[in-house]
Amino acid sequence: MYYDIIGDVHGCLDELIQLFEKLGYEWTDGLPEHPEGRTPVFVGDITDRGPSSIECITFVYRLVTERGAHYVPGNHCNKLYRFFLGNPVKEKHGLETTAEEYRSLSKKEQMDVKQQFKHLYEQAPLHLILKDVDAVVAHAGIREEDIGHKSKSIETFVLYGDITGEKLPDGRPVRRDWAQHYKGGRWIVYGHTPVREPRFVNKTVNIDTGCVFGGRLTAFRLPEEEILSVPSSMPFVEEKFRY
């Protein structure tokens with residue numbers, strides 16, 4: 001199999017469409033399909049902050065259910081899922097933009113989108129093992145010894161990264177650079193922390209190049225180990241980038 005693993009979209013649908021076109025996909029029934037049968041894989045956080053979160057939900061839902069694409073959830077996905085369940089969550093850090101879009105819909109549209117996202121989230125693996133290309137896709141990364149296992153601590157790591165429990169002045173959690181200690185032979189492909197360029201450390205690559213903060217939307221192709229990106233239409237926010 002051939003895969004195109006796509007970084008954090010965060011509601012940037014226009015850039016996602018441009019990326020699929022750059023990757024050589026063709027459009028049938030409103031969805032991208034690669035003539036060579038490549039499979040898209042999303043690293044999570046498809047919503048929040050960007051202008052088209054609701055459309056991104058429907059787009060990714062259709063790709064997964066109709067075209068066999070893959071999706072793993074991110075921390076923003078987890079929070080949106082809890083929002084759709086009716087749980088008390090704070091509408092900030094981006095959720096407020098998705099919630100505002102959602103509330104502008106008709107009741108029928110709201111029901112459809114909620115069902116689509118809940119299905120997408122509930123059917124998704126916390127991390128995806130792609131055996132045929134010797135890779136693992138996990139939103140914020142994963143330790144080698146945790147691959148193929150489940151626990152609350154693994155879930156926290158995969159969704160939020162290697163957090164210390166401390167907070168930065170802007171409220172973001174302090175995270176350890178777990179990739180520096182990864183010694184495995186499989187690729188770990190992840191996102192979550194915006195970087196100016198795809199960040200290769202050991203056999204890991206962070207492909208969240210901060211599209212929603214004015215960077216780029218990036219795909220990592222396997223087995224070719226090739227990077228393709230498109231520029232963002234959003235304003236550049238330098239302080240959001242860690243590296």
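**Salt bridges and overall form of the predicted chain**

The structure is a predicted model, in which local features need pLDDT of at least 70 and side-chain atom pairs count only at pLDDT 80 or more, while totals for chains, interfaces and linings use all residues. Residues are numbered from 1 along each chain as its sequence is written, and side-chain values use heavy atoms, with hydrogens and water left out.

The side chain of R196 meets that of E238 in a salt bridge with an N to O distance of 3.6 Å, a salt bridge being a side-chain nitrogen of Lys or Arg within 4 Å of a carboxyl oxygen of Asp or Glu. This pair links distant parts of the chain, 42 residues apart, since R196 lies in the loop between β10 and β11 (199-201) and E238 in the segment after β14 (226-231); helices (H or I, at least four residues) and strands (E, at least two) are DSSP runs numbered from the N terminus.

In total, the structure holds 15 salt bridges. Among them is the contact between R38 and D4, at 3.0 Å from N to O, which connects the loop between β3 (31-33) and β4 (39-42), where R38 is located, to strand β1 (residues 3-6), which contains D4, across 34 residues. Both partners are buried, R38 at 7% relative accessibility and D4 with a relative accessible area of 0%. Through salt bridges that share partners, D4, R38, R221 and E224 are joined into one network.

A further salt bridge is formed by D162 and R176, whose closest N and O atoms are 2.9 Å apart. Because D162 lies in the loop between α6 (152-160) and β8 (163-167) and R176 in the loop between β9 (173-175) and β10 (187-190), the pair ties together parts that are 14 residues apart in sequence. D162 counts as buried at 11% relative accessibility, whereas R176, at 44%, is partly exposed.

At the level of the whole protein chain, the secondary structure comprises six helices and 14 strands. The radius of gyration is 17 Å, close to the 18 Å that the globule rule gives for 243 residues, so the chain is as compact as a globular protein of that length; the radius is taken over C-alpha atoms, and the rule is 2.2 Å times the number of residues to the power 0.38. Buried residues make up 53% of the 243 residues.

Terms used:
Buried means under 20% relative accessible area, exposed over 50%, partly exposed in between (1.4 Å probe, protein chains only).
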